[in-house]
Amino acid sequence: MGLIPEQKIDVNGNEIFYVMIYDKKTMNEIALVQSAQEGSADAFKTLFEDNKRRILNLAYQYTKNLEDSEDIVQDTFIKAYHSLQTFNIRADTNFSAWLYRIGINCSIDHLRRNKKQKDNTMPTDDIDGLSDPTESTNPHNSSHKREVREKLEQVLNTLTKRQRMIFILKHYQELSIKEIAEYMNCSEGSVKKQLFRAVSVIKKHFKCFLPENRYEMQKV
Amino acid sequence: MKCKKCKDNIVLMLYGEITDKEKSDVMEHIKECPDCAKEWQSTKGVFALLDETKDETAPEADWEKCWGVIQTDITEKPQQKSRKERRFYALPGWAYAAASLVVIFVLGVLIGRHWMTSDTQTAAAVPGIQSTDSSEYIKQTLNEHFDTLKPLLVAYANYSAEENGKETVTLDKEIVQNLLIQNYLLKKLVVESDPSAKELLEDLDLVLREIKNMPSDDKWAHSSIKELIQEREILFKMDILNTL
């Protein structure tokens, strides 16, 4: 546990002194951020080591490409370093959350910029024609999992960048709608709307994978 | 509960984002509505399929290479200064554009003012008097103008329908028109420099317009002009300005 003195002015203009109590991890983080703000590359490297995996996972789930994910991690930490002076230890929640927000924005920007990714995007109507779910007779075999993954990737490519990110944050990063709204800088209502849209598109393309539909298709 | 709301809540329920009350409402609706029951089954099934891909984690990245790229960048370029330390040069692009627009606007106003003043001085030359920017000249011209108007205004101010019987003040419309033009030009000349003279010239403008527009033998109009002169104390103001 650690104590950091704070000072605020109340509505009557009086100065209020109080202390914020932080856990050990947060105290370490604060110390590292302060050192990095003063120009310590070593401190920044420690922050990189502590957070790199979380950013990589987010980027990988978003892009499904390791090379792109590495680029996103680099962009995120470079942007964070250059904006480090704007990070307010007292006002901002914590460094990891701040970095995560940068990671989300970098992922969306990266995908927007990445022409290769855009070229690979298939029109919605063609998705169902790419892989025939009836070919996979055993839902428990390993190819089934790969098939679902490939299908999901194709469907995600048809969503907007924001819808895709909201779905990833909700379904894979398991963040609450409130947290997503904070990270994406929008209302909870807007997050829900985009999430419903994303789930509805995914459902539309995944219904044929469900056992009852497979049975119906085989019967026909 | 409507089916649309129920379908949205099914998604939220699977993500654990609704209250117990909302959850029981959804379940009750599903029992009664076959469409929503089907939706519930299919959504649950799709979510189960998607969950199969949840265990997928990113492969290990080349962290040495990653840090190398970051290190090169951060050693080459210094950190941005904090908001407090930022100076003028650190402003965003739109701030420069806005500042340029303000400068252009101010310059435009200054140039426009200078031009308008020149126009006023040129206009002052129209009555055929020598153009000069000295305040003495303006004062002299004003006094001459007041001297011309004074007998006319006195005649109207002393008008009495009972005493004069059928007598009215008669005036050539052309003379009134010329007086109006002269009054207008003088008003432009003294526009900002002398507020009291400007006010008097505006009153005179009103009286001259009334005179110009009224029928020559209209006694009621004569009385109204008399009232206007008295109400606005035009003769008194003219005396004051003449003595200054």
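This is a predicted model: local features need pLDDT of at least 70, side-chain atom pairs count only at pLDDT 80 or more; totals for chains, interfaces and linings use all residues.
A salt bridge is a side-chain nitrogen of Lys or Arg within 4 Å of a carboxyl oxygen of Asp or Glu. The pair links distant parts of the chain, 30 residues apart: Lys79(A) lies in helix H3 (residues 66-82) of chain A and Asp109(A) in helix H4 (residues 95-113) of chain A. Helices (H or I, at least four residues) and strands (E, at least two) are DSSP runs, numbered from the N terminus. Lys79(A) is partly exposed, at 40% relative accessibility. Asp109(A) is partly exposed too, at 25%. Here, buried means under 20% relative accessible area, exposed over 50%, and partly exposed in between (1.4 Å probe, protein chains only).

Residues are numbered from 1 along each chain as its sequence is written, and chains are lettered from A and ligands numbered from 1 in the order in which they are written. Local features need pLDDT of at least 70 and side-chain atom pairs count only at pLDDT 80 or more, while totals for chains, interfaces and linings use all residues; side-chain values use heavy atoms, with hydrogens and water left out.

Chain A holds 11 helices and 2 strands. From the N terminus on, its elements run β-β-α-α-α-α-α-α-α-α-α-α-α. Of its 220 residues, 47% are buried. Contacts (heavy atoms within 4.5 Å) were sorted by separation. Among those in chain A with a separation of 6 or more, 57% join residues 24 or more positions apart. The accessible surface of chain A is about 11,600 Å², and carbon and sulfur atoms hold 48% of that surface. Accessible areas come from the Shrake-Rupley method with a 1.4 Å probe; for residues, only the protein chains shown count as cover.

The two chains meet through 41 residues from chain B and 48 residues from chain A. The area buried between them is about 4,400 Å², and carbon and sulfur atoms give 65% of this area. Buried area is the accessible area (1.4 Å probe) that two parts lose on being put together, summed over both. Between chain B and chain A there are 4 salt bridges. Lys170(A) pairs with Glu17(B) in a salt bridge, the closest N and O atoms being 2.7 Å apart. Glu174(A) forms a salt bridge with Lys54(B), at 2.8 Å between the closest N and O atoms. This pair crosses between chains, from the loop between helix H8 (161-172) and helix H9 (177-184) of chain A to the loop between helix H3 (34-51) and helix H4 (63-76) of chain B. Glu174(A) is exposed, at 54% relative accessible area, whereas Lys54(B) is partly exposed at 29%.

Over all chains, the whole structure has 17 salt bridges. In chain B, Arg209(B) and Asp205(B) meet in a salt bridge of 2.9 Å, N to O. The two are 4 residues apart in helix H9 (residues 195-213) of chain B, so about one helical turn separates them. Arg209(B) is partly exposed at 44% relative accessibility, but Asp205(B) is buried at 10%. Salt bridges also link Glu199(B), Asp203(B), Arg232(B) and Lys237(B) in a network.

Helix H8 (residues 173-189) of chain B has 17 residues and should span 24 Å at 1.5 Å a residue; its end C-alpha atoms are 24 Å apart, which agrees. The expected span is 1.5 Å times one less than the number of residues. Buried residues of H8(B) include Val176(B), Leu179(B) and Asn183(B).
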